[in-house]
Amino acid sequence: MAQLRIAMAQVNPTVGDLDGNCRIVLDHARRAHEAGAHLAVFPELVVTGYPVEDLALRNSFVSASVKAVAALAERLAGEGLGELPVAVGYLSRRAGVGERYGQPAGTPQNAFALLHRGRVAVSSAKHHLPNYGVFDEARHFVPGETLPVVRLHGVDVAFAVCEDLWQGGGPVAAARRARAGLLVTVNASPYERDKDNVRLELCQRRAREIGAAVGYVNMSGGQDELIFDGDSLIVDAEGELVARAPKFEEDLFVTDLALPAGGDTVGGVPPSEEPGEAVDGVRVVRHLVSGEPVAPYAPAPRVLTPRADPASDVGEVYRALVVGVRDYARKNGFASMAVALSGGIDSALTTTVAVDALGADRVHALLLPSKYSSEHSVSDAEELVKRQGITSRTVAIAPIVAAFEEGLTLEGLAAENLQARVRGTLLMGLSNQEGHLVLATGNKSELATGYSTLYGDSVGGFAPIKDCWKTLVWGLARWRNAEAERTGAPLPIPENSISKPPSAELRPDQLDTDSLPDYDLLDGLLDAYIGTDKGMRELITEGYPPELVERVIRMVDRAEYKRRQYPPGPKISSRNFGRDRRLPITNRWTPRS
Ligand SMILES: Nc1ncnc2c1ncn2[C@@H]1O[C@H](COP(=O)(O)OP(=O)(O)OC[C@H]2O[C@@H]([n+]3cccc(C(=O)O)c3)[C@H](O)[C@@H]2O)[C@@H](O)[C@H]1O
Ligand SMILES: Nc1ncnc2c1ncn2[C@@H]1O[C@H](COP(=O)(O)OP(=O)(O)OP(=O)(O)O)[C@@H](O)[C@H]1O
Ligand SMILES: NC(=O)CC[C@H](N)C(=O)O
């Protein structure tokens with residue numbers, strides 16, 4: 001056996017900020033070195049940020065990434081960290097493969113590099129390219145065909161990239177054949193509500209399959225709609241959990257592992273005698289990187305971050321929303337946010353998330369009562385403003401609506417929607433003037449059914465709860481208040497905003513239930529149709545009334561045009577309105593079965 005001390009850095013890079021991301025790597029590598037690590041590992045595409053989308057197709061961007069990684073290797077050595085092997089993900093190209101999308105030379109690859117002694121000592125590329133859900137990697141990359149196995153202090157360590165672990169065969173099978181003592185994967189795996197232990201179970205299964213420990217390093221932080229929740233971990237060859245990092249935070253965690261030493265030769269063949277046969281499209285390439293084997297020593301205690309109570313899955317969603325809002329604002333240069341506060345639950349929860357993300361002094365509320373606004377809509381909104389200590393302004397919109405109507409007489413729904421549009425215009429005006437990011441307050445049930453006014457309450461730059469069903473919105477509000485109660489803090493959300501029946505208040509005594517079924521029933525049906533692609537017949541077989549199924553499906557399908565114009569917002573489900581679900585707007589197909 002030989003000992004390896006591994007430092008895993010679940011950092012939060014920013015897409016396109018190559019200098020900033022390399023600085024993050026340097027800082028964490030320095031800390032890893034100070035902790036006596038033999039290897040420091042960073043996430044997938046840490047140098048460029050993830051996902052880079054069509055930036056991958058820009059030759060200049062690929063060149064910048066290749067240069068940045070070489071400069072990073074030199075800089076690490078220049079700062080006395082050259083002896084520490086540092087594993088990073090970066091964007092590279094496979095040379096000589098001809099043109100793709102008009103690029104002059106080489107095709108982009110989602111690459112891995114091991115930096116050592118001032119240079120890129122080892123490089124390879126992701127073999128399995130995910131092309132489902134939010135991922136489009138077949139559009140952007142060509143697959144790698146090698147699995148690097150690196151002799152490091154006597155241990156054979158194989159390196160793979162994210163999806164390579166999720167698919168059988170390929171790199172996983174190659175790691176087994178190569179009798180690696182440890183498989184390290186660099187990842188950028190986005191948060192989804194039901195994904196919690198899926199990654200742990202995957203690592204455990206793969207560890208048993210290949211008979212080697214598995215180290216899994218994930219990214220943290222938000223990038224547009226995606227939230228990377230960290231949760232990096234290590235399991236031993238039996239699949240036992242050895243170390244696990246916290247969720248949603250940056251972290252550097254250092255773990256001592258006792259691992260089988262490789263043979264006299266590197267994994268059975270002299271390191272120079274390569275390459276072997278490609279099996280499953282992957283060829284093992286062996287490298288000798290550094291260091292004498294380290295004699296086994298008493299390992300440091302296990303680092304197991306306490307797991308959240310599985311019952312508090314709603315609490316995890318809340319944390320995800322906060323990270324999504326915080327990083328969208330921070331990474332896009334917004335110091336403050338504005339929300340239109342109605343006294344209802346959607347705007348109350350959106351404001352609370354914004355306050356938790358940026359702080360009360362950076363959230364500005366607009367109270368915009370119309371002639372149909374109830375007494376409680378103003379008093380509940382004012383109560384929330386007071387409890388959370390945010391600044392607010394009140395503008396009565398009736399005279400503004402009246403001025404519009406002097407120019408053009410509108411009736412019925414058109415007149416109702418005008419109120420929402422006046423509010424949207426005021427919000428955007430304030431954003432232009434004072435630089436706030438406007439938050440749209442729509443939830444997923446509203447987005448699904450088209451229950452919002454285009455250019456009215458749907459305006460904004462970011463939509464924090466757009467992937468949360470209305471029933472989850474209530475759950476999140478209750479969870480947040482319960483959390484405050486648990487810690488002895490004042491409850492941020494007025495009970496009345498949670499308990500009153502939802503209303504758009506665009507006409508006298510309007511209730512959401514005038515236009516929509518009860519949310520418990522509606523959300524179940526929407527989740528079955530949108531989340532799992534069930535058709536009419538299946539939904540009716542599940543017990544939903546046929547006329548309701550038909551009506552709801554019609555509403556959902558017709559509202560595609562509205563969703564396309566809705567601001568982005570954090571993905572928390574396995575099927576968000578965005579990358580996960582892409583449907584034509586012009587569409588006459590009705591899913592009957
Ligand atoms: N396929 C298509 N492609 C592009 N545009 C299309 C389109 N179909 C209609 N349109 C356009 O969309 C317009 C209709 O959409 P829109 O103007 O939004 O109006 P609409 O959807 O007719 O009405 C808004 C609904 O949302 C409800 N609402 C409003 C505000 C807040 C809340 C809440 O509870 O939060 C609810 C309101 O009570 C009403 O039921 C049409 O006049 C047309 O211009
Ligand atoms: N009186 C108001 N003042 C300020 N903003 C408002 C007002 N009424 C509506 N809005 C804005 O329009 C959005 C949609 O209105 P709506 O009343 O449907 O939502 P809500 O009050 O947040 O939640 P609910 O749908 O539960 O009532 C609100 O979230 C809010 O941002
Ligand atoms: N970046 C990736 O390859 C991620 C794909 C993987 N299946 C995940 O969700 O974690």
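1. Gln 510 is partly exposed, because 15 other C-beta atoms lie within 10 Å. The scale runs as follows: a residue is buried if 20 or more other C-beta atoms lie within 10 Å of its own, exposed if 12 or fewer, and partly exposed in between, with C-beta atoms placed from the backbone. Gln 510 sits in the loop between helix H14 (495–499) and H15. Helices (H or I, at least four residues) and strands (E, at least two) are DSSP runs, numbered from the N terminus.

2. A word on the model. It is predicted: local features need pLDDT of at least 70, side-chain atom pairs count only at pLDDT 80 or more, and totals for chains, interfaces and linings use all residues. Residues are numbered from 1 along each chain as its sequence is written, while chains are lettered from A and ligands numbered from 1 in the order in which they are written.

3. Gln 510 again. Not counting residues up to four places away in sequence, Gln 510 touches Ser 503, Ala 504 and Glu 505. Contact here requires C-beta atoms, placed from the backbone, within 7 Å. Ala 295 is 215 residues from Gln 510 along the chain, and 74 Å separate their C-alpha atoms.

4. Domains. The protein splits into domain 1 (2–267) and domain 2 (310–510). These bounds come from an automatic or database domain assignment. Taken over C-alpha atoms, the domain centres are 40 Å apart. Domain 1 gives eight residues to the contact and domain 2 gives ten residues. On the domain 1 side, strand E10 (220–223) and strand E11 (226–229) each supply at least two residues. By class, that side holds three nonpolar, three polar and two charged residues. Ala, Val, Leu, Ile, Met, Phe, Trp, Tyr, Cys and Pro count as nonpolar, Asp, Glu, Lys and Arg as charged, and the others, Gly among them, as polar.

5. Ligand 1. The shell has 18 residues, of which Ala 420, Thr 453, Leu 454, Ala 504 and Tyr 561 come nearest. A residue is near a molecule or strand if its C-beta atom, placed from the backbone, lies within 6 Å of it. Helix H11 (412–434) and helix H15 (512–515) each supply at least two residues of this shell. H11 has the largest share, four residues. The shell divides into eight nonpolar, six polar and four charged residues.

6. Annotated site. UniProt, in an unreviewed entry, lists Glu 44, Lys 126 and Cys 162 under "active site". UniProt positions are in the numbering used here, feature names are shortened, and annotations may be inferred rather than shown by experiment. The three span 119 residues of sequence but cluster in space, with a largest C-alpha distance of 9.5 Å.

7. Which loop holds Lys 126? Lys 126 lies between strand E5 (119–125) and helix H3 (137–140). Lys 126 is buried, because 26 other C-beta atoms lie within 10 Å. Beyond four places in sequence, the contacts of Lys 126 include Asn 110, Phe 141, Cys 162 and Asp 164.

8. Cys 162 is in the loop between strand E7 (155–161) and helix H4 (163–166). Cys 162 is buried, because 27 other C-beta atoms lie within 10 Å. Leaving aside neighbours within four places in sequence, Cys 162 contacts Glu 44, Lys 126, Thr 185, Val 186, Asn 187, Ala 188 and Ser 189.

9. Strand E8 (residues 182–186) is largely enclosed by the rest of the structure, because five of its five residues are buried. Both faces are covered: Leu 182, Val 184 and Val 186 on one side, Leu 183 and Thr 185 on the other. In a regular strand, side chains alternate between the two faces of the sheet.

10. Partners of E8. Two strands pair if DSSP finds at least two bridges between them. E7 and E8 pair in the parallel sense over five bridges. Val 161 has Val 186 in E8 as its bridge partner. E8 and strand E9 (residues 213–217) also pair in the parallel sense, over five bridges. Thr 185 stands opposite Tyr 216 in E9.

11. Another sheet. Four strands form an open, parallel sheet in the order E19-E18-E17-E20. Strand E19 (391–394) and strand E20 (437–438) are at the edges with a single partner strand each, so one side of each lacks a neighbour in the sheet. Strand E18 (residues 363–367) runs parallel to E19, joined by four bridges. Ala 365 is opposite Ser 392 in E19.

Methods: Contact = placed C-beta atoms within 7 Å.
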